Amino acid sequence: MYITTRRAFIAATTAIAAFAKSDLALAQTSDPQPATNSRTTPPEPPVGPSGPFVQPPLPFGEGDLMPFIGQRTVALHYRRHHASYYNNLNIITKGRKYAEMKLEQIITEGFKDEDKSFFNNAGQAWNHDRYWESLKPGGSKVPGGRLAQLIYDNFGSLGEMKTKMVNASAGVFGSGWTWLVQDGARLSILNTSGGDGPLTSGKTALFGIDVWEHAYYLDYENRRPEHVKAILDNLINWDVVASRLEV
Ligand code: MN3
């Protein structure tokens, strides 16, 4: 009994020491950022080759989507998750045919070849590029022009479209995305799994909401629909969404 307890004690103290050490390392490698909450801003991800794939800059400050998406969520999401897909791509495409391709081409070629690591990393790089672009602090209120008309024709109202999208997002099992897509005069909601997106089904992606847990867990815990609704009501850049409509 004594040995078991002592072993457990040693295991526990070793784990605590290792955790404290990694926490210290995290704090020491962090770059200075304006503090918008009490947690330390995460360090940059490990750097692979710097090209040929380059992660686009965020179109807003990391704290600008508050209170709907927290500063730490955006920092982790952009600097760790999104950056890692670019980093991985630069590593795995070295010397391969994929190094010469655009992201869209890697997604369609990688899908055909069932080359999942290329497909997933290019897919996630592309999905996130478009995700950040379609968000705007304060949103742009409501869609106008042809986009508004198409939403009306296909869903009856903007409110109904949002409700359908929130409900659909709850049905993504595990990690994935919920999209508003266009196919001619038809708009619809599409769920995709993992790093997949609308390109593989030939649909035009108007915008997608990331429903991987890393996108919302720090702010909303497991309340995914609440997060999706907050984005739809407050952060969508409808002007960017309208600019993606195919004629
Ligand atoms: Mn993500």
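The legends below describe close-up views of a predicted model. Residues are numbered from 1 along each chain as its sequence is written. Local features need pLDDT of at least 70 and side-chain atom pairs count only at pLDDT 80 or more, while totals for chains, interfaces and linings use all residues.

**View 1. An open sheet of three strands, in the order 2-1-3 with antiparallel pairing.** Strand 2 (186–193) and strand 3 (204–210) are at the edges with a single partner strand each, so one side of each has no neighbour in the sheet. On average, neighbouring strands are turned by 25 degrees against each other, direction ignored; axes are lines fitted to C-alpha atoms. Strands are DSSP runs (E, at least two residues), as are helices (H or I, at least four).

**View 2. The antiparallel pairing of strand 1 (residues 176–183) with strand 3.** Six bridges join this pair; two strands pair if DSSP finds at least two bridges between them. V181 has A205 of strand 3 as its bridge partner.

**View 3. The largest nonpolar core, with 32 residues.** Such a core is a set of buried Ala, Val, Leu, Ile, Met, Phe, Trp, Tyr and Cys residues joined through C-beta atoms within 7 Å, buried meaning 20 or more other C-beta atoms within 10 Å of a residue's own. M165, L180, F207, V228 and I236 touch the most other members. At least two core residues come from each of several elements, including helix 6 (158–170), strand 1 and helix 8 (224–234).

**View 4. The surroundings of V228.** Beyond its neighbours within four places in sequence, V228 is in contact (C-beta atoms within 7 Å) with M165, V166, S169, T178, I209 and V211.

Conventions:
Axes fitted to C-alpha atoms, helices over the stretch in contact; angles between N-to-C directions. Buried ≥ 20, exposed ≤ 12 C-beta atoms within 10 Å, placed from the backbone. Contact = placed C-beta atoms within 7 Å.
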